[in-house]
2 protein chains.
Amino acid sequence: MTSRNPHAARRAELLRHMAGIGVDGLLVSNRRNIFYLSAFRGEDSLLLVRRGRSQLITDGRFSEQAEQETRGIEIVVRKKGLMATAAATARRGKVATLGIEAEALTVAQAEDLRAALGRTTLKPVRGLVQRQRMVKDAAELAVIRRAVAITQRAFLDTLPHIRPGMTEMEVAHILDRTMIELGAEGPAFETIVAAGERGSLPHARPTERRIRSGEAILFDWGARLEGYCADLTRLAFVDRIPPIYRRIYPLVLTAQRRAVAQVRAGRKTGEVDAVARGYLKAHRHGKDFRHSLGHGLGLDVHEAPSLARGVETTLRAGMVVTVEPGIYLPGRAGVRIEDLLLVTRKGHASLTSLPRSIEAFLIRS
Amino acid sequence: MTSRNPHAARRAELLRHMAGIGVDGLLVSNRRNIFYLSAFRGEDSLLLVRRGRSQLITDGRFSEQAEQETRGIEIVVRKKGLMATAAATARRGKVATLGIEAEALTVAQAEDLRAALGRTTLKPVRGLVQRQRMVKDAAELAVIRRAVAITQRAFLDTLPHIRPGMTEMEVAHILDRTMIELGAEGPAFETIVAAGERGSLPHARPTERRIRSGEAILFDWGARLEGYCADLTRLAFVDRIPPIYRRIYPLVLTAQRRAVAQVRAGRKTGEVDAVARGYLKAHRHGKDFRHSLGHGLGLDVHEAPSLARGVETTLRAGMVVTVEPGIYLPGRAGVRIEDLLLVTRKGHASLTSLPRSIEAFLIRS
């Protein structure tokens, strides 16, 4: 039995997609796409994927790292410019139509490439690798599960340290440090710790605002591990739960449960969003839910598919998505509950397991 | 007497350069260029510069900030996509040939723009605003001088805290924190604190390596203030100066002095580099000077002009450049001395004033 290199399998699948659009070489410039297809984590490099052997074009600073991190890829150490070397490599490989990642190459880079390409045709493509990345393979799921475990453990370890009078930034710092101590590369995005009325800002950055007894604290955080992200949102309460939260928290929780129940292969992402949005609207909080329901997650914290109004992407088994409805009452309160789901053929599996009841994280000061 | 808005003056000068290349509208997408021309510091926005009134194209998140930060610019709050709105704004302004920043726009963005432009011609240009940014105006020089003052003060305040046994990271943290306490937005780049033989790595990141008595510490640091950068390099020694430094430090210092003496309007940057390089080569350390002599500095830590081998850029009054020769002996020692100069018509003015003698920063533990 052969244990197949997941990166080689991903390149093989990409070659099938490339054939479908008439491209026999793809110059990958998006760094996360390069990592996804080759395991290389250096900078200032390009990956040329084609039948036969793919090539990683890099420079002397990264050549040793490239040899160590990749398998089955030829390392081309450039002596000329990056685009000139990429063009020469494509010509040497007899590429007839070279795809470029339109969203990850500047106009200047494309001009330089075109000038050096000779008779090879250049074809801008969009989202090709990103669409493939939507469905996670076993190697990716294993890493995401470990990232989630660190994310959850760090939260539980942080809660006992919280005291009234601490600032949002101090709490965020403890949570970030704990994730790193547990093995994360770092936070996957800037950790949100929003006290009291600041929870109404969907993207609040932690401030010097002090946490008080009788307040809610909204946490939105996640660890990055081996390039992959986790993303969770929970509320904690200090000493007691303010009445406004007794009213809106159950609405958000029910909206989330109803949306989660819709997650399965074959469903359109916009339909899942509509279930949560419709429920909150029926309870007169439609306008207080100011963002989309969720997003794909992997090497990027936000990646395809988007779970948003009107989006027609069909869920497929192997996709990993967040479901995170919220109610935001500016200057008063904010609730968001976010979990991470793996789409399966018959439904879904929750990758996150922290409890969701309103009493779950009641801190006694 | 009118006190002229420096940003309006910069846009007026840019319009003259644009006329010279047959462009009657320039869509500025590089964030630092947008700040340079408008004082706007938000994200996801574009500046359309044209005769009459320039327009800043942004969205609801940044519209209030845009009104506060800019003067004499029309704020366009988009409801459609960024490129579609930019195209509509250019058409409404009757732009015939729209320049785009080839190095700061993706192929996908250019495609979207072209699709929405109608009869307006698209013309990719390179380095147009960057060339203008090489020569600093009075407002910029005032900020750079204040950034340098914070940079120097923070270093002097940090030295007394250094003790053998502290790690490079601990020292870097004190220096960074001190810059912020003195009013900086933060470090302009990742602060280098390299102990002993680690000074031979020109871009060493601070590590857990502990500083020992009898060692050199190489500092390369600078504050960012109101968007502008400072950049300095000095060596400190703990208790005593190792013999190897007694030999190579004076060579680097003389190389720097000779190069600095060449800095004046009219000189080619490559000629200045050649003076330092030639001196070190004559003393058998040509190969140990592994990088270019210096670089322009302003909103970017590294910007045009480059002071490097063979570069033909002519120095002009108002340019701000670093002069930073070095000798690197891998595994043994590294010396670099870096100062910041303002080019003047008859010579130069040093913006930095920390002493450069080998004994200047001898720390007693």
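Strand 1 (residues 25-28) and strand 5 (residues 97-101) of chain B pair in the parallel sense over three bridges. Pairing here requires at least two DSSP bridges between two strands. The model is predicted: local features need pLDDT of at least 70, side-chain atom pairs count only at pLDDT 80 or more, and totals for chains, interfaces and linings use all residues. Residues are numbered from 1 along each chain as its sequence is written, while chains are lettered from A and ligands numbered from 1 in the order in which they are written.

**Sheet of chain B**
- B:Gly25 has B:Leu98 of strand 5 as its bridge partner.
- The open sheet holds six strands in the order 4-3-2-1-5-6, with mixed pairing.
- Strand 4 (73-77) and strand 6 (121-125) of chain B stand at the edges with a single partner strand each, so one side of each has no neighbour in the sheet.
- Neighbouring strands of this sheet are turned by 25 degrees against each other on average, direction ignored.
- Strands are DSSP runs of E with at least two residues, helices are runs of H or I with at least four, and both are numbered from the N terminus.

**Helix packing in chain B**
- Helix 1 (residues 6-20) and helix 2 (residues 31-38) of chain B pack at about 115 degrees, with axes 6 Å apart.
- Axes are lines fitted to C-alpha atoms, for helices over the stretch in contact, and angles run from 0 to 180 degrees between N-to-C directions.
- Helix 1 and helix 2 of chain B are therefore roughly perpendicular (65 to 115 degrees; under 35 is roughly parallel, over 145 roughly antiparallel, the rest oblique).
- From helix 1, B:His7, B:Arg10, B:Arg11 and B:Leu14 meet B:Tyr36, B:Leu37 and B:Ser38 of helix 2.
- Contact means C-beta atoms, placed from the backbone, within 7 Å.

**Domains of chain A**
- The domain assignment, automatic or from a database, gives domain 1 (6-132) and domain 2 (138-363) in chain A.
- Their C-alpha centres lie 36 Å apart.
- Six residues of domain 1 of chain A contact six residues of domain 2 of chain A.
- On the domain 1 side, helix 2 (31-38) and helix 6 (128-133) of chain A each supply at least two residues.
- Helix 2 of chain A gives the most to that side, with three residues.

**Contact of chains A and B**
- Chain A and chain B each bring twelve residues to the contact.
- Helix 5 (residues 107-116) of chain A supplies the largest share of the chain A side, four residues.

Methods. Two residues are in contact if their C-beta atoms, placed from the backbone, lie within 7 Å.
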